[in-house]
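Subject: Structure handover

Hi,

Here is the structure I promised to pass on. My notes follow below it.

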Amino acid sequence: MGRDFLMETLPYASTWPAEWTGQRRSGLLLFGTVFMGLLTVGVAVLAVTSEDLAGALIFAATAVYFAHLTALSLHSYRGGRHRSDTTGVRHEAAGLVFRYGAAPTYLLGAFVGMTVLALLGMSVRAAVQATTQGYVIAVVLALLAVVTGVFLAVFLKLAPGQVVVGPDGIHHRGLTFTHFVPWEAVVDVAALWAHSPVIFIRTIGSSATVTRNYLGRSTAGPQALSPFDTISGRWLAADPALLLQAVAHYIVHPQDRPELASDAALRRIAAS
């Protein structure tokens, strides 16, 4: 008998596609991670050794800010790794749910939130100088805080992201958009590499396809492809190969799609 919700973790031993095997990660991201890590340590030392309480608090807050950026950079470098089980995938009545990782979601949200607070704080500090230059700087910083705040509001509305492979099609809730494409419009799926695993879903036009971009404009996805047709493996909590195999199987075997409403789908993909 099918269940509405399956959290069981199953062993998974399939190999990665050739497109993801033996690829180099971004050297720039690695350099940025090491640089920000050293900068974080340096600022933390200043916070501990400062004899001025206000200065120590400022250094400590800066160290926390840099630490989040360092961790986010490290995840961007390492994200999208091979796993030996189905951690990060669960079955619901809607289908197989591939959730975004909790760590990168938190790190990005916290970093953007702290950025908004920092911009507002600097804006207020510039305004209290009561000079023309101070007012101009305050306005610019306040505008940046508003723009960043809009992104944060959209992020909080949609997070955590997830990809649902269901009987009716593929639902992708990113951090700035939602996208649904029915199976009738899904042509193929391919493994790409953009310093980390990327899943590219080839589609054709369909009146049933629904896309909502909350920021009002589209930005290019990996390899300049549409962000709505690409899924970055570094964001997924699960092994990205699981999602790749799930989509590939149900493209080729439409007769099996009804099982996506049951727990049989997770077992099939884990055993593939």
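At what angle do the axes of helix α3 and helix α4 cross? The axes of α3 (residues 102-127) and α4 (residues 132-158) cross at roughly 160° and come within 8 Å.

First, the ground rules. This is a predicted model, where local features need pLDDT of at least 70, side-chain atom pairs count only at pLDDT 80 or more, and totals for chains, interfaces and linings use all residues. Residues are numbered from 1 along each chain as its sequence is written, and side-chain values use heavy atoms, with hydrogens and water left out.

Helix pairs

Helices (H or I, at least four residues) and strands (E, at least two) are DSSP runs, numbered from the N terminus. Axes are lines fitted to C-alpha atoms, for helices over the stretch in contact, and angles run from 0 to 180 degrees between N-to-C directions. Under 35 degrees is roughly parallel, over 145 roughly antiparallel, 65 to 115 roughly perpendicular, and the rest oblique.

α3 and α4 are therefore roughly antiparallel. By class, their contact has 18 nonpolar, 8 polar and no charged residues. (Nonpolar: Ala, Val, Leu, Ile, Met, Phe, Trp, Tyr, Cys and Pro; charged: Asp, Glu, Lys and Arg; polar: the others, Gly among them.)

The axes of α5 (240-252) and α6 (264-271) come within 10 Å and cross at roughly 110°. That makes α5 roughly perpendicular to α6.

Nonpolar core

The largest nonpolar core has 44 residues. Such a core is a set of buried Ala, Val, Leu, Ile, Met, Phe, Trp, Tyr and Cys residues joined through side-chain atoms within 4.5 Å. L96, F98 and L243 touch the most other members. α5 gives the most to this core, with 8 residues.

Aromatic pairs

The whole structure holds 6 aromatic pairs. Rings of Phe, Tyr and Trp (its six-membered ring) pair if their centres lie within 6.5 Å; planes under 30 degrees apart are stacked, over 60 edge-to-face, and the rest tilted. The rings of Y65 and F66 have centres 6.1 Å apart and planes at 50°, so this pair is tilted. Ring pairs link Y65, F66 and F111 into a cluster.

Buried means under 20% relative accessible area, exposed over 50%, partly exposed in between (1.4 Å probe, protein chains only). Y65 is partly exposed at 22%. F66 is buried at 18%.

One more residue

L46 lies in helix α1 (residues 27-49). L46 is partly exposed, at 40%. L46 and F59 are 13 residues apart in sequence, and their C-alpha atoms are 6.5 Å apart in space.

Best wishes
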